[in-house]
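Subject: Handover of the structure

Hello,

The structure is passed on to you below. Please look through it first; my notes follow it.

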Amino acid sequence: MVNELFDYPAYLSAKKSIDDRSLNRQVWSTMCHWLEYRQTQKPGIKLLEIGAGIGTMIERIADEAIVKDFHYTAIEQEPGFRDYALQRLSESQEYTLISKDQLWQLTTPNTTITIDWLSGDALDINQIVKETDFDLVLSHAVIDLLPVPLFLPDLFKQLEPDCGYYFSLNFSGKTEFRPVHPDDETIYDAYHKDMDDRFNNIDWLPSRTGEILGEWLIEQGHTVLATGPSDWRLASRDNEDDILFLENMLQTIEKALQGLPCLESWLIERRRQLASKELSFTASNIDYFGLI
Ligand SMILES: C[S@@+](CC[C@H](N)C(=O)[O-])C[C@H]1O[C@@H](n2cnc3c(N)ncnc32)[C@H](O)[C@@H]1O
């Protein structure tokens, strides 16, 4: 479960614009062209999203308007996020949303999306989703939170062999705040180690997901059709979303590294730099699109 000190839905909302400018355009457009072609072969496209948060990927796909009249199954483990997604999509000037039985129907000038929002743990995928005929499985800023060698084989087993996958914003091991601070390396190493300690019983380093995912997919017999960097680059002078995101990053590090001797002084300095708009931040990410 999401267990942060800050307002997580507000963080996901601020993250939307940051992610939009970070996404690898070449990987995104390869995926869109593939979907466009797929639609000519098979009407009634079906998408499955793992870890849908507050529904921002639904907006991205709707705004792209590549696919017409499709079905979107969203899985999110936080039950409360369903209402945030419903409210967000209902309030948008861009869409009309009708909630009918368990399904939502989202209409834009170019497409109609039937959305099935399922609250549950994607690790129990075969209990949550009964269909197998999805055309594309998406997961955005989520795969690095999951035990890849356990989860992805289960997920892919559930899908047809010609299904596509689009996994974006997979953290790939580099965290960097600027200006340089003498304790940076200690903080970054401890922060990455904390991520890697998440799954002690499997051979997988979550902090390096972006780097190792492609090789893992190929070893497992899957095809990688497009890959490329999608780094987050933020500066506290830019805008309100960046400032909120940076404060949340500092809080995430604060929570993860409780008790580390240099943490307090490092955080005081970073918060001072955030307030005086000197702070900038980069995290390396990698996107992938391919066929399972
Ligand atoms: C970093 S957020 C990204 C959310 C959304 N994709 C976005 O970018 O706005 C990770 C999301 O994955 C969800 N999540 C993590 N593990 C999950 C699991 N095992 N099953 C379903 N959702 C999960 C979290 O609850 C959270 O909403």
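A residue is called buried here if 20 or more other C-beta atoms lie within 10 Å of its own. This is a predicted model, and what follows was computed from it.

Leu 169

Leu 169 has 26 other C-beta atoms within 10 Å, so it is buried. This leucine belongs to strand S7. Its phi is positive, at about 50 degrees, although Leu 169 is not a glycine. Most residues other than glycine have a negative phi. Leaving aside neighbours within four places in sequence, Leu 169 is in contact with Asp 19, Ser 22, His 140, Ala 141, Ser 230, Asn 285 and Asp 287. Two of these names return below: Asp 19 and Ser 22 are buried residues of helix H1. Ala 256 is 87 residues from Leu 169 along the chain, and their C-alpha atoms are separated by 21 Å.

Other backbone features

A positive phi of about 50 degrees is also found at Asp 69, again not a glycine. Asp 69 sits in the loop between H3 and S2. It is partly exposed, because 14 other C-beta atoms lie within 10 Å, and the partly exposed class falls between 12 or fewer (exposed) and 20 or more (buried).

Where is the cis peptide bond that joins an arginine and a proline? Arg 178 and Pro 179 are the pair, with omega about 0 degrees. Pro 179 is in the loop between S7 and helix H7 (184-196). Most peptide bonds are trans.

Helix H1

H1 covers residues 8-22, which is 15 residues. From its first C-alpha to its last it reaches 20 Å, close to the 21 Å expected at 1.5 Å a residue. The helix bends by about 35 degrees at Lys 16. Its buried residues are Tyr 11, Leu 12, Ala 14, Lys 15, Asp 19 and Ser 22. An α-helix has 3.6 residues a turn, so residues three or four places apart point the same way. What covers the buried residues of H1 includes helices H3 (56-64) and H9 (240-256), together with strands S7 (164-178), S9 (232-235) and S10 (280-291).

The ligand

Which residues come nearest to the ligand? Of the 21 residues around it, they are Gly 51, Gly 53, Gln 77, Ala 122 and Ala 141. Ala 141 was also listed among the contacts of Leu 169. H1, H3 and strand S2 (70-76) each supply at least two residues of the shell. By class, the shell has 12 nonpolar, five polar and four charged residues.

Ser 119 lies in strand S5 (residues 112-119). It counts as partly exposed because it has 15 C-beta neighbours inside 10 Å. Outside four places in sequence, Ser 119 is in contact with Glu 76, Pro 79 and Arg 82.

In soluble globular proteins, nonpolar side chains tend to be buried together. The largest nonpolar core in this model has 72 residues, and those with the most contacts inside it are Leu 47, Ile 58, Ile 115, Leu 136 and Val 137. S7 gives the most to this core, with six residues.

Not counting residues up to four places away in sequence, Leu 136 touches Leu 35, Leu 47, Cys 163, Gly 164 and Tyr 166. Leu 47 is also a contact of Tyr 72, along with Glu 49, Ile 58, Ile 113 and Ile 115, when neighbours within four places in sequence are left aside. Tyr 72 is part of strand S2. Is Tyr 72 buried or exposed? It counts as buried, because it has 27 C-beta neighbours inside 10 Å. Lys 46 is 26 residues from Tyr 72 along the chain, and their C-alpha atoms are separated by 5.9 Å.

Leu 267

With 16 C-beta neighbours inside 10 Å, Leu 267 counts as partly exposed. Not counting residues up to four places away in sequence, it touches Leu 250 and Glu 254. Leu 267 and Ile 253 are 14 residues apart in sequence and 9.0 Å apart in space, C-alpha to C-alpha.

Regards

Key
Residues are numbered from 1 along each chain as its sequence is written. This is a predicted model: local features need pLDDT of at least 70, side-chain atom pairs count only at pLDDT 80 or more; totals for chains, interfaces and linings use all residues. Helices (H or I, at least four residues) and strands (E, at least two) are DSSP runs, numbered from the N terminus. Two residues are in contact if their C-beta atoms, placed from the backbone, lie within 7 Å. The expected span of a helix is 1.5 Å times one less than its number of residues. The bend at a residue is the angle between axes fitted to the seven residues ending there and the seven starting there. A residue is near a molecule or strand if its C-beta atom, placed from the backbone, lies within 6 Å of it. Ala, Val, Leu, Ile, Met, Phe, Trp, Tyr, Cys and Pro count as nonpolar, Asp, Glu, Lys and Arg as charged, and the others, Gly among them, as polar. A nonpolar core is a set of buried Ala, Val, Leu, Ile, Met, Phe, Trp, Tyr and Cys residues joined through C-beta atoms within 7 Å.
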